[in-house]
Amino acid sequence: MAAKKRSQFKLLNITLIRRQEIWLPTVWGWIFLVLLTLSLLTIGISNLPSFLAVNQPINAEVLVIEGWLPDYAVKEALNRFRRGSYRQIVTTGIPIERGCYLAEYKNYAELAAATLKTLGLEPEKIVSVPTPEVRKDRTYASAIAFKQWLEKANIPIKSIDLLTLDLHARRSWLLYRQALAATNTKVGIIAMPPIDYDPKYWWRYSAGVRKTINELVAYIYARFINWNT
């Protein structure tokens, strides 16, 4: 009778059910796996800002700063320019989205350049390279504008250090290297630290959580999804 029932599970010599032995963790094994997962998550979360806010300057010829940076970062950029061996500062930036009808400067590149002049930098050492208005990929558009300026100016620049803010660094570094790949220009990166939250405990601050998640998603998009870049 049992043999007859087993035969009912077979059709045209095709076995529909089979017995298989599997290995499963013990209680202590599950505890170990949970603790290991939590440890890896903790390490990853703690080190996420240091991954995004990468610092790898190369003591380049030119210091390029993203013009949307806050004043304290622009001031520190000037200090680094004076301490280093740079021969020129180039400011980049998109059009100012809000208040441009009331402001003297219509884009962040010119605004940052004017700020540097007010702080005492000689005008002949500053070049502003505005970015045309774009709906997406603004950082990449700024990198392309800088590349086009290099080509039109016919200036032999072999290396630049790109200065940006905090968590934006790795994405900016990636996009500038992609844009300048054909020029053989080496690109270093400098990340200015934030002042509105502590990167070591970024998850305790709303600004830290918001910026970290946004920049992580944006970097993944730029690195793996946006094939146009």
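Me: How many strands are in the open sheet, and in what order?

Reply: This is a predicted model, and in it 5 strands make up an open sheet, ordered β5-β4-β3-β6-β7. The pairing is parallel.

Me: Which strands stand at the edges?

Reply: Those are β5 (126-130) and β7 (186-192). Each has a single partner strand, so one side of each has no neighbour in the sheet.

Me: And by how many degrees are neighbouring strands turned against each other?

Reply: On average by 25 degrees, direction ignored.

Me: What joins β6 to β7?

Reply: Strand β6 (residues 159-165) is joined to β7 by 7 bridges, and the two run parallel. For a spot to look at, find Ser159, which stands opposite Lys186 in β7.

Me: Where is the kink in α2?

Reply: At Ser46, shortly before the proline Pro49, and the kink is about 35 degrees.

Me: Which residues of α2 are buried?

Reply: Gly29, Leu48, Pro49 and Leu52.

Me: New topic, rings! How many aromatic pairs does the structure hold?

Reply: It holds 7 of them. One of them is Phe146 with Tyr176: the ring centres are 6.5 Å apart and the planes are at 50 degrees, so this pair is tilted.

Me: Where in the chain do Phe146 and Tyr176 sit?

Reply: In distant parts: Phe146 is in helix α5 (residues 138-153) and Tyr176 is in helix α6, 30 residues apart.

Me: Are they buried or exposed?

Reply: Both Phe146 and Tyr176 are buried. They also belong to one aromatic cluster together with Trp149.

Me: What about Tyr197 and Tyr205?

Reply: They form a tilted aromatic pair too, 6.5 Å centre to centre with 50 degrees between the planes.

Me: Why does Tyr197 count as buried?

Reply: Because its relative accessible area is 5%, and buried means under 20%.

Me: And which label does Tyr205 get?

Reply: Tyr205 is partly exposed, with a relative accessible area of 33%.

Methods. Residues are numbered from 1 along each chain as its sequence is written. This is a predicted model: local features need pLDDT of at least 70, side-chain atom pairs count only at pLDDT 80 or more; totals for chains, interfaces and linings use all residues. Side-chain values use heavy atoms; hydrogens and water are left out. The bend at a residue is the angle between axes fitted to the seven residues ending there and the seven starting there. Helices (H or I, at least four residues) and strands (E, at least two) are DSSP runs, numbered from the N terminus. Buried means under 20% relative accessible area, exposed over 50%, partly exposed in between (1.4 Å probe, protein chains only). Two strands pair if DSSP finds at least two bridges between them. Axes are lines fitted to C-alpha atoms, for helices over the stretch in contact, and angles run from 0 to 180 degrees between N-to-C directions. Rings of Phe, Tyr and Trp (its six-membered ring) pair if their centres lie within 6.5 Å; planes under 30 degrees apart count as stacked, over 60 as edge-to-face and the rest as tilted.
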